[in-house]
Amino acid sequence: MLDIIQTVPIDYFVYLSTLLFGIGVLGVLTRRNAIIVLMCVELMLNAVNLLLAAFSTYLGDAQGQIMVFFIMVVAAAEAAVGLGILVMIYRNTKSTDISLLDNLKY
Amino acid sequence: MQSLLPLIPFLPFAGFLINGLFGRRLPKTAVGLIGSGTILGAFLLSLAVFSDVRNGTAMEQTLYTFLHVDSLQVQFAFLADPLSAWMMLIITGVGFLIHVYSIGYMHDDEGFWKFFAYLNLFVFSMLLLVMGDNFLMLFFGWEGVGLCSYLLIGFWYENRAYGHAARKAFIMNRIGDLGLLLGIFLIFNTFGSLQYREVFEGVANYQNNAWIPTVICLLLFVGAIGKSAQIPLYTWLPDAMAGPTPVSALIHAATMVTAGIYLVARCSSLYALAPHALEVIAITGLATAIFAALIGLRQNDIKKVLAYSTVSQLGLMFLALGMGAYSTAIFHVTTHAFFKALLFLGAGSVIHALGGEQDIRNMGGLRKALPVTFWVFVIGTLAISGFPLLSGFFSKDEIFAKTYEHSGALWWALAAISGLITATYMGRLLFVTFFGEFRGTEAQRAHLHESPAVMTIPLIVLAVLSVVGGFLNTPHFLHLGGSEWLSHYLAPALARPATPETHVLDARTEWLLMGITTVLALLVLVLAYAVYVVRRNVPVADSAMQPIARLLANKFYVDEAYDFLFVRPLEKLSKMLHYYADIQAIDGVVNGVGRASQLLGAQFRKLQNGNIEYYLLAMVVGAALLVGSLFI
């Protein structure tokens with residue numbers, strides 16, 4: 001298994017995760033649906049996870065994979081809280097459009 | 001005896017504490033008893049000290065080291081030599097009589113306890129001034145009496161004008177104090193000590209380098225000018241008459257204003273090296289003597305006349321100091337304390353009888369209603385005018401004789417003229433007040449009464465002293481016994497006169513000089529009698545005065561001139577500084593800082609626009625910049 005992974009050059013992992021991260025950032029910046037924004041955040045997190053796992057394998061160091069588990073836990077918690085907030089927002093505004101949420105300002 | 005020395009100032013201080021802290025709850029009798037009793041105790045102790053130092057010895061008592069910084073070491077120590085013992089006797093003796101008098105005079109006043117507390121504090125400060133054995137203690141006393149003077153002038157502070165008079169006295173004194181303080185600094189810088197003995201021993205090194213002692217002497221004299229009300233700082237003293245009359249008698253005639261004389265006499269060894277400083281003193285004294293006497297001629301407030309008389313007499317004392325005749329000046333301090341306290345207390349008795357009236361044009365004919373006051377006032381007037389064998393006769397004659405001896409006929413003539421003017425205004429005061437018809441209101445006439453015994457007895461004692469006080473220092477050519485006792489007594493504490501070529505006048509010249517001044521003074525008194533009693537002249541109302549009289553009555557417009565020259569420009573400057581420096585510059589900076597951060601904040605708050613997409617963009621850009629910065 002390890003051998004198969006190592007046949008793919010490390011560059012490809014870097015390109016892929018950069019691409020995924022960029023898609024996530026673009027999604028966060030351009031989409032107005034709160035659910036999509038949250039999903040894009042997850043995408044960014046997982047791009048990082050992928051990179052951590054790849055480097056961990058190539059360097060033969062388990063620390064990167066441990067880090068991935070931590071990020072997964074945090075991401076799960078984040079998704080739970082974020083979706084919870086989203087449900088409350090929807091109940092109040094009957095919408096999930098984040099551009100409507102501009103009451104907190106000067 | 002020596003160990004009891006500190007008790008002398010601290011008895012009055014204890015009186016001040018008791019009356020000041022608990023006086024409100026004590027009955028008036030107790031307050032009066034404590035107030036006067038402590039002074040009496042101090043007087044008796046002073047007598048004991050006096051009998052110890054009579055033969056010219058001095059005693060010192062150090063309580064503790066007050067200040068020790070590097071080479072500056074100041075002891076809290078008392079010194080009793082013939083000079084300070086004599087001043088102690090005057091202060092506590094006359095002070096005691098005036099305290100007793102005040103029991104009667106202030107009896108109906110609500111602030112009775114406060115008054116006695118202040119008086120005791122004053123006596124304490126004055127004793128500190130004369131008993132200290134270094135310049136710092138003198139300075140303490142100096143400031144203490146200034147404070148008490150302020151408190152007592154403004155004693156009836158509900159009256160705005162009185163409060164202003166108190167402030168005027170304080171500020172005028174402060175100007176003089178600056179000179180004194182600078183003088184003390186220079187003394188320490190020059191001699192490395194503030195103790196009298198060490199300073200005066202160090203003086204010998206400056207025999208041939210007299211300019212430093214001259215500067216010191218002039219600076220000290222500036223202090224004396226302020227405290228002893230000489231030209232140009234004299235204007236506070238007449239205004240100080242706003243205080244109750246016993247205050248005028250004690251502080252502004254008998255004791256505090258003589259502090260300047262004491263200072264110069266105490267530093268006589270310094271002044272002996274500074275003949276130019278002595279010249280300045282003599283000129284100032286003579287000018288003040290004549291100037292103030294002239295103003296006194298046309299004052300119609302009974303206390304103002306006496307106030308200008310005091311200024312004039314202080315001028316004579318400084319004239320004597322300027323002649324190097326230190327003991328003569330102290331002699332005149334003594335007799336002046338007797339008869340001026342007498343005159344002021346007599347005036348107080350008149351004011352008391354008339355329910356607060358002070359204008360002599362509304363008096364007249366009080367001779368019958370106030371027999372005791374009248375007779376003591378006659379004695380006081382004769383004493384100050386130089387009636388033969390009364391106290392003022394001897395002391396003034398001695399000043400005139402020393403002036404003639406030291407500076408010649410012109411100075412003598414000018415001094416004698418001031419004496420003549422004194423006789424004139426005192427005659428006018430006496431005759432207008434006590435002779436003729438009563439000119440007050442009917443209500444005042446019904447209220448007329450002689451003062452109670454508690455007031456008249458001190459008057460009588462002072463009158464006796466005014467009569468016999470002159471025999472302390474009778475000139476030797478009169479052969480009246482005890483000749484020049486006071487001069488001999490004071491000699492150990494004073495420097496010898498500076499001029500070595502002094503020729504002692506022969507007896508014939510002295511008789512002649514004395515004869516001229518005495519006859520003229522008597523003539524002037526008779527003239528005043530003729531004008532004010534026989535021809536029944538009454539000083540005219542302010543509006544009907546001739547130009548010269550108006551000039552005198554308005555005190556040569558000196559107050560107005562000071563107001564124009566100093567007070568108004570200073571006020572304008574203060575207002576300008578207040579507007580430009582304070583409101584514009586300082587407030588401007590402070591407000592500017594506030595306004596600038598407000599403006600900045602107003603711009604930055606616009607970032608907080610509530611748009612989540614915008615926040616996200618900012619976050620991404622921020623993160624990108626952060627990461628990007630790692631690659632730089």
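Lys555(B) sits in the loop that links helix H24 (547–553) to helix H25 (558–604) of chain B; helices (H or I, at least four residues) and strands (E, at least two) are DSSP runs, numbered from the N terminus. This is a predicted model, in which local features need pLDDT of at least 70 and side-chain atom pairs count only at pLDDT 80 or more, while totals for chains, interfaces and linings use all residues. Residues are numbered from 1 along each chain as its sequence is written, and chains are lettered from A and ligands numbered from 1 in the order in which they are written.

**Loop residues of chain B**

- Lys555(B) has a phi near 60 degrees, a positive value in a residue other than glycine.
- Lys555(B) counts as buried because 22 C-beta neighbours lie inside 10 Å; a residue is buried if 20 or more other C-beta atoms lie within 10 Å of its own, exposed if 12 or fewer, and partly exposed in between, with C-beta atoms placed from the backbone.
- Ala229(B), in the loop between H8 and H9 of chain B, also shows a positive phi in a residue other than glycine, near 55 degrees.
- Ala229(B) is buried, with 30 other C-beta atoms within 10 Å.
- Pro232(B) is placed in the loop between helix H8 (211–227) and helix H9 (236–239) of chain B, and a cis peptide bond with omega of about 5 degrees joins Ile231(B) to Pro232(B).
- Arg25(B) belongs to the loop between H1 and helix H2 (28–53) of chain B, and counts as exposed with 9 C-beta neighbours inside 10 Å.
- The C-alpha atoms of Arg25(B) and Ser395(B) are separated by 46 Å, the two residues being 370 residues apart along the chain.

**Helix packing: H1 and H4 of chain B**

- Helix H1 (residues 7–22) of chain B packs on helix H4 (residues 112–131) of chain B at about 160 degrees, with the axes 8 Å apart; axes are lines fitted to C-alpha atoms, for helices over the stretch in contact, and angles run from 0 to 180 degrees between N-to-C directions.
- H1(B) and H4(B) are therefore roughly antiparallel to each other (angles under 35 degrees count as roughly parallel, over 145 as roughly antiparallel, 65 to 115 as roughly perpendicular and the rest as oblique).
- Among the residues making the contact are Phe13(B) and Phe16(B) of H1(B) and Trp113(B) and Phe124(B) of H4(B); two residues are in contact if their C-beta atoms, placed from the backbone, lie within 7 Å.

**Helix packing: H18 and H23 of chain B**

- The axes of helix H18 (residues 391–407) of chain B and helix H23 (residues 507–534) of chain B come within 10 Å and cross at roughly 125 degrees.
- H18(B) and H23(B) are therefore oblique to each other, and their crossing is right-handed.
- H18(B) contributes Asp397(B), Phe400(B), Ala401(B) and Tyr404(B) to the contact, and H23(B) contributes Glu510(B), Leu513(B), Met514(B) and Thr517(B).

**Chain A**

- Chain A has 4 helices and 0 strands, in the order α-α-α-α along the sequence.
- The C-alpha atoms of chain A fill a box of roughly 55 × 25 × 25 Å along the principal axes.
- Of the 106 residues of chain A, 11% count as buried.

Notes: A crossing is left-handed if the near helix is turned anticlockwise from the far one by less than a right angle, and right-handed if clockwise.
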